[in-house]
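User: Hello! I am new to this structure and would like to learn how to read it. Could you walk me through some of its features?

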Amino acid sequence: MEFTYEFDWSVIARHEYRDYLLYGVAYTFIIAFFSTILSILIGIVIASGRLSPVKYFVWPCSAWVGVARHIPAVFWILFFYFVFPEILPDSLGSILHSWGSYALLAGIVALSIDNGTYVSDILRNGVLAISSGEREAAKSCGLTSKQQWVCCLLPLATRIVLPALANRTIHNFKNSSLCMVIGVTELTWATQQIESLSFRGLEATLVATIFYIVISLIFGSVSHKMENRLNSCRYSAKDVLNKPSLSVPTT
Amino acid sequence: MKLNQLFKNTLFIFLFTCAINSSIVNAESIIDQVKKSNTVRIGTGNDTPPMNFIDEKGNWTGFDVDLGSEIGKQLGVKVELVVVNNKTRIAYLSNRQIDMTISNLSQTRGREEQIDYAEPPYLWTAKIFYARKNEFKKISDLAGKKIGVNQGSNAYTAAPQEIMKYSKIEPKIIAFQKNAEGILALKQGKIDVFCQDSPIIAALAGESASEFEVVGTGFSPGLYGIGVPPNDSKWRDAVSFVLQDMIKDGSYERIYQKWFGEKGLYPMPHNARPRLPSDTFGDMAYVLPD
Amino acid sequence: MSLDWLSFMMIGGWPDGPPGGLLINIGLAVSCFLMGFIFAVPLALLRMAGGRISGFCATAFIEVLRSTPLILLLFWCHFLLPIIIGINIPPLWSAFIALTLYSSAYQAEIVRAGFSSVPSGEVEAAQATGLSKSQVFINIVIPQGLRRMTPASASFAVSLFKDTAVIYVVGVIDLMQSGLIAAERNPNKMLISYLVMAAGFAVVGMVISLIGYKLENRLNFTRKVVSE
């Protein structure tokens, strides 16, 4: 083993390199935040399409999920940046091409498409996981179909899907690093940029890696806490049956 | 805090390993290592036609690759090609993971501080601004425009420097991972100019070259040098002498003709061979006398 | 898109030259999945039942790898591992190392979830019949755990195959890279190159999904038979 690398932490302290890292962190959060929001919207649309009673909504959505979940995120990113404006009408395409922030938008949309298919799967499974007993119970209480969803089924489903959704969000946060391939100046791009200017990328890469790990772990533990909390205030049918005294007010 | 402990420990172990290793200093010259192992490790890129690229048969080829294998032949050792990219080529050299790099590496002062170069630079090109036809007349028109570069190319610093000579408005630099992506972005209008060395641009533009033109003239010398690890003058001399021998005995010329000659794969309009000023020396190759 | 470019994107120069294209993606996905599984089982066991220090190390290893973006892991293995161990790693090998680390961490969690999902009643029942701890583990926990983790493993296999697309950033000539090369050399056929890339990933991914689905059904079937 021979090792001649000497750490020089002054590299990341120099203001131009530090700025790359700070802007990188900001862009990473922007991409992660907006693509997560957008992917949840996409997921809701696709999931309701797949669950809808209308056949013409079901199969396009199912087909889309079947195909899109096998396509890599980095492909979507390059596709949206380089190819998508080409297949639009010329005038619209050239507007997108010449728009300075298009790389950022393309990255966000691409990650949303990628994450959206997973989110739709999670949501669909969440709704399907609500037992038919719970549905019937809601119905027999005399709730309208809208009330059933809003008051009973959706809150239940939320509780079921939350852990998986949190997992996907962490994954999506990590995937934001892929946007470097189209020149979005996010954190991973910044480490490469520092490497190419100072020839010392190791320090910056170490800092970036620790950043990703810390954020992922924090988010993971927060979502874990939230999950525990939701579960602790949950009374399932079984609990109520076992402890009838709970439902009888004592004087 | 458990997590906190975790990070501290991992970081500590990592830094500790590094510290142990860094105390080992290697004093042997690379030339001895190369002779002993009978192989020379040459770092070359694989995404920059015509210098180094993958052809449609999947073979690794290009001017740099041919030059590298010829140098190996002249040294009398086997060549082990190592893939580098524009960002790793310097770090690999300074860590002595490779014995030399032949990878469209322009000589710059910043790089000279990190590594050494063999004499002379083997291909003399220049950075140019490349734009769509009839958009810009001179370099001063590029103020405040979107300039595309390849991440790891010194165009990142050279291009704004050149433009700022004429104007106070800073251009916006967009750094792509591959040169080809830069050309594509230029064609699509995502950037206004692409800045890179002239032979790379010529090869990448290929058939669509008629849609583009060069703005102004070449501005920053792109003198491609063979990079060698720093502080090993024995090895640096060995490589320099082999390169100069190749220029003298015509094997350099053969490779040059194959790629950039009139009947070559990528004919180059100007003479990019290393040479001495013609008003003093006529047309004499840049080779040091014995 | 000429046939030459199509074969370049699928198999590279193979069998005469170096393999490339889709072949690399499939080969890497399969080998890294298997290698990852080999590392995942001991990791999961250490995390579940290891001592304080070994358990902590396994947990740290898994969590660190799971929270690092794959592209950064790839940069570590490609740029920084060579600096640390002082030998050059060709891009394909660094991709292999990175993907193996990545898949071992993810699969360790899958294996752990699989083992811990075996109902405690079954374990207790087995212990009551007088089986030793290791016998219980080998005969009850492992077969059931493996069966229970099949769906998660299958969907991880699909996502691992997808993730092999990223390795092009370190210079491996995989399907992604060869598609981009094809697109840049034939600028007016860019859309077709991209479609071929997408089709390559989608078709192989669907085949993997299908295999996983079949496997799942078959295992469920045997379980039903056993339980009846």
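Analyst: Gladly! Keep in mind that this is a predicted model. In helix 4 of chain C, the residues C:L70, C:L73, C:L74, C:C77, C:H78 and C:L81 meet a set from helix 5 of chain C, namely C:P91, C:S94, C:A95, C:I97, C:A98, C:L101 and C:Y102. Sorted by class, this contact holds 11 nonpolar, two polar and no charged residues.

User: How do I describe the way helix 4 of chain C and helix 5 of chain C cross?

Analyst: Look at the two axes, then at the angle. Here the axes come within 9 Å and cross at roughly 130°. That angle is why helix 4 of chain C counts as oblique to helix 5 of chain C.

User: Now for contacts between chains. How many residues of chain C are in contact with chain A?

Analyst: Count each side in turn: 31 residues of chain C touch 28 residues of chain A. Then see which elements contribute. On the chain C side, two or more residues come from each of helix 3 (52-66), helix 4 (70-85), helix 7 and helix 9 (190-227). That side of chain C has 24 nonpolar, four polar and three charged residues.

User: What does the contact between chain B and chain C look like, by residue count?

Analyst: It takes 21 residues from chain B and 22 residues from chain C. On the chain B side, helix 1 (2-22), strand 5 (78-83) and helix 7 (179-188) of chain B give two or more residues each. The chain B side divides into eight nonpolar, 10 polar and three charged residues.

User: Which domains does the assignment give for chain B?

Analyst: Domain 1 is written in two pieces, 28-122 + 225-281, and domain 2 is 126-222. Their centres, taken over C-alpha atoms, are separated by 25 Å. Each domain gives 14 residues to the contact. The domain 1 side has six nonpolar, six polar and two charged residues.

User: Last topic: sheets. In what order do the five strands of the open sheet in chain B lie?

Analyst: Read across the sheet: the order is 10-9-11-8-12, with mixed pairing. At the edges are strand 10 (172-176) and strand 12 (212-224) of chain B, each pairing on one side only. On average, neighbouring strands are turned by 25° against each other, direction ignored. Inside, strand 9 (residues 146-150) and strand 11 (residues 193-197) of chain B run parallel and are joined by two bridges. B:G148 has B:F194 in strand 11 of chain B as its bridge partner.

User: How is the sheet of three strands in chain B paired?

Analyst: That open sheet has the order 2-3-4 and antiparallel pairing. Its edge strands are strand 2 (47-48) and strand 4 (60-61) of chain B. Two bridges join strand 3 (residues 52-54) of chain B to strand 4 of chain B, and B:F53 stands opposite B:T61 in strand 4 of chain B.

Methods:
Residues numbered from 1 in each chain as written. Chains lettered and ligands numbered in written order. Predicted model: local features only at pLDDT ≥ 70, side-chain atom pairs only at ≥ 80, totals over all residues. Contact = placed C-beta atoms within 7 Å. Helix = DSSP H or I, 4+ residues; strand = E, 2+ residues; numbered from the N terminus. Nonpolar A, V, L, I, M, F, W, Y, C, P; charged D, E, K, R; others polar. Pairing = 2+ DSSP bridges. Axes fitted to C-alpha atoms, helices over the stretch in contact; angles between N-to-C directions. Parallel < 35°, antiparallel > 145°, perpendicular 65-115°, else oblique. Domains from an automatic or database assignment.
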